[in-house]
Amino acid sequence: MSETTTRHIPDRLRSPLEARLKSWESLLLLVAVAIFIANSFASPYFLNAWNLSDATFNFTEKAMIAFAMALLIISGEIDLSVAAIIALASTAMGAAVQFGVGTPGLVLIGLTTGLACGAFNAVLVTRLGLPSIVVTIGTMSLFRGISYIVLGDQVYKGYPADFAFFGQGYVFWVISFELVLFALLAVIYGVVLHKTNFGRAVYAIGNNPTGALFSGIRVARVKFILFLLTGLMAGVAAVCLTSRLGSTRPSIAFGWELEVVTMVVLGGVNILGGSGSIPGVVIAAFVMGLVTFGLGLLNVPGIVMSIMIGLLLIGVIALPRLWEKWRRRVARA
Amino acid sequence: MIRRNFTKLLAGASLAVSLMGTSAMAQDNMRIALVVKALGIGFFEAAAKGAEEAAGELGNVEIIYTGPTDTTAEGQIEVINALIAQGVDAIAISANDPDALVPALKKAQQRGITVISWDSGVAEEGRSMHLNPSSNPLIGNMIIKLAADHLPDGGQVAVLSASATATNQNIWIEEMNKVLPDYPGIEVVGTVYGDDLADKSYREAQGLMQSYPDLDAIIAPTSVGIVAAAQAVQDAGKAGEINVTGLGLPSEMAGAIESGASKSFAIWNPIDLGYSATMIAHALASGAATAEPGASIPMGRMGEVTLDETTSGAMADPFVYDSSNIDEFKSIF
């Protein structure tokens, strides 16, 4: 996907936004390539088609949510309830299995639950004007709480055999269904954000909601749609993850909301809103997947992986800042 | 720059391929992965110590001690995928979820990896055998034996359990009553329920002391109850008179052993557990034993385990902790 030049927002004409984004993505890509090379030197098992294919499962589901989350964060909002939505959607599907619902019905239930949760967040944020971070911290407990009430320490299993395709199936050779879906969604979200009026509205709202409103953008409606999309993507991820695990417990996808946000921020999306790109998020997904899988091959303890991801995040964010400072100092001298 | 990266990549690829060749040829070391619920838990660190001990005895065995950062099934699946990629010979896992790990562990088995579970089991289709630390009859016998050992002339004992509906405790008490005739002179005067709450257990223990002035021992087959009962006995100034025993954790019971409120108590020994799991994994992976109902599998110094119809087996009697070994174990778990 190439860079677009239509991303300038009128009130930020002189902003170095595009230049910074460009350097961000190339920087990330460099990091990804470096990690790939380091991994292939560090472990003899890394360069193997099946192993790399297995590795993609580490990030595909999270990345699906990250695409919608990127748009939401660019618009200046956030949804921390996504992991809880997965739990609730998975619980709904598991309950449906007990009534003998087939695979198409299960997928429909999973997606609908996601949409409904997204709509609930959307109403609270856009209609009541509540801050999204507070609302979704609340719904995070609410959605997962419902799962815990329904399931307790029990488990739903017995998913139909063909339901396993979404999380365990392969479309072609080592290319899994999840990977194909990930790529497809990346293209769709890339086009929506970078090539449509809707996408430009998202940037405009993130940069200056009042200005966007007075420019005739229906701010509340755009945000409503973004929350719906995020809920829907959590529903999609719930279908994939439930299919991959073949069972549902209320603790499913615990803590994923922070990993999704990390992926988005690592991808160069400004956490305060207004800038970011889908290609960045795609590369960030690969970076996170490669780091965790590569370190996993070396049997590095998980806590060290978390530290590495944290350092990576700080490093990638701090580097451009430092670079700018250094350049300014050189220019002054 | 690009060309340099490309050649680097090629070099990496060729190196990796050559490494893959050699490692496949010269693979005399058997690699056994000990996968735990989460790293940084004393119980599992102790199990890893046991696994290393077994590896030392067996020779030519490399232990990969690994696990996720927090106790999630998703985290363990990432670990399992990394282990599959490395082509380890065996995985011995203490599972965070008996069902969600099944697809990943099935995949491991399909790629020729021996999978066993220990401590916390996996559903039958995901593993070839499961090692329980102990069994209900062994625990039921142990808790009454602990009390009887210090009452050579017989005496009155009472039971402080968790809740009246706690499955585990009820089974153990039932098993205890079955073997009661083996301990002549021991009279079980009553059973009370502390609901696994510290304050309620404390009050129930006080109640026991008032109701039965000649009480000689309190058996608490719950780690919450045993600590509360020991405290109640100590506070009543009856340490040394009334012996509190049952199932407890060394770290929590060290004080009670010191004060004499408890002469001894029992719980599984994590070192033995890691040792036995490793021995079993080695026996199965090397083909020296097969996991089928009724089979006996050797576990080195721990004797052998006999598998029931669900191919699970019990390692041993719960391990007894008293003043002679409490200092060694209180820092472990």
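What follows is a talk about the two chains and the terms used for them.

Mentor: Happy to. This is a predicted model, where local features need pLDDT of at least 70, side-chain atom pairs count only at pLDDT 80 or more, and totals for chains, interfaces and linings use all residues. Residues are numbered from 1 along each chain as its sequence is written, while chains are lettered from A and ligands numbered from 1 in the order in which they are written.

Trainee: What makes Ala92(B) a buried residue?

Mentor: A residue is buried if 20 or more other C-beta atoms, placed from the backbone, lie within 10 Å of its own, exposed if 12 or fewer, and partly exposed in between. Ala92(B) has 31 other C-beta atoms within 10 Å, so it counts as buried.

Trainee: Where does Ala92(B) sit, and which residues does it touch?

Mentor: Its place is in strand E3 (residues 90-93) of chain B. Helices (H or I, at least four residues) and strands (E, at least two) are DSSP runs, numbered from the N terminus. Leaving out residues up to four places away in sequence, Ala92(B) touches several residues, including Ile32(B), Leu34(B), Trp118(B) and Ala281(B). Contact here means that the C-beta atoms, placed from the backbone, lie within 7 Å. Ala92(B) and Leu34(B) are 58 residues apart in sequence, yet their C-alpha atoms are 5.0 Å apart in space.

Trainee: How do you know that E1(B) and E3(B) pair?

Mentor: Two strands pair if DSSP finds at least two bridges between them. Four bridges join E1(B) to E3(B), and these strands run parallel. In one of the pairs, Val35(B) has Ile93(B) in E3(B) as its bridge partner.

Trainee: What other strand pairs with E1(B), and over how many bridges?

Mentor: Strand E1 (residues 30-35) of chain B also pairs with strand E2 (residues 61-66) of chain B, in the parallel sense over six bridges. Leu34(B) has Tyr65(B) as its partner in E2(B), and Arg31(B) stands opposite Glu62(B).

Trainee: Why is E1(B) called largely enclosed?

Mentor: Five of its six residues are buried, so E1(B) is largely enclosed by the rest of the structure.

Trainee: Which elements make the right-handed β-α-β unit?

Mentor: E1(B), helix H2 (residues 42-58) of chain B and E2(B) make it. A crossover is right-handed if, with the strands pointing away from the viewer, the path from the first strand over the helix to the second runs clockwise.

Trainee: How is chain B divided into domains?

Mentor: Into domain 1 (29-132 + 270-316) and domain 2 (136-267), with bounds from an automatic or database domain assignment. Their C-alpha centres lie 33 Å apart. In all, chain B has eleven helices and 14 strands.

Trainee: And why is chain A called as compact as a globular protein of its length?

Mentor: Chain A has 14 helices and two strands. Its radius of gyration is 20 Å, close to the 20 Å that the globule rule gives for 333 residues, so chain A is as compact as a globular protein of that length. The radius is taken over C-alpha atoms, and the rule is 2.2 Å times the number of residues to the power 0.38.

Conventions:
Contact = placed C-beta atoms within 7 Å.
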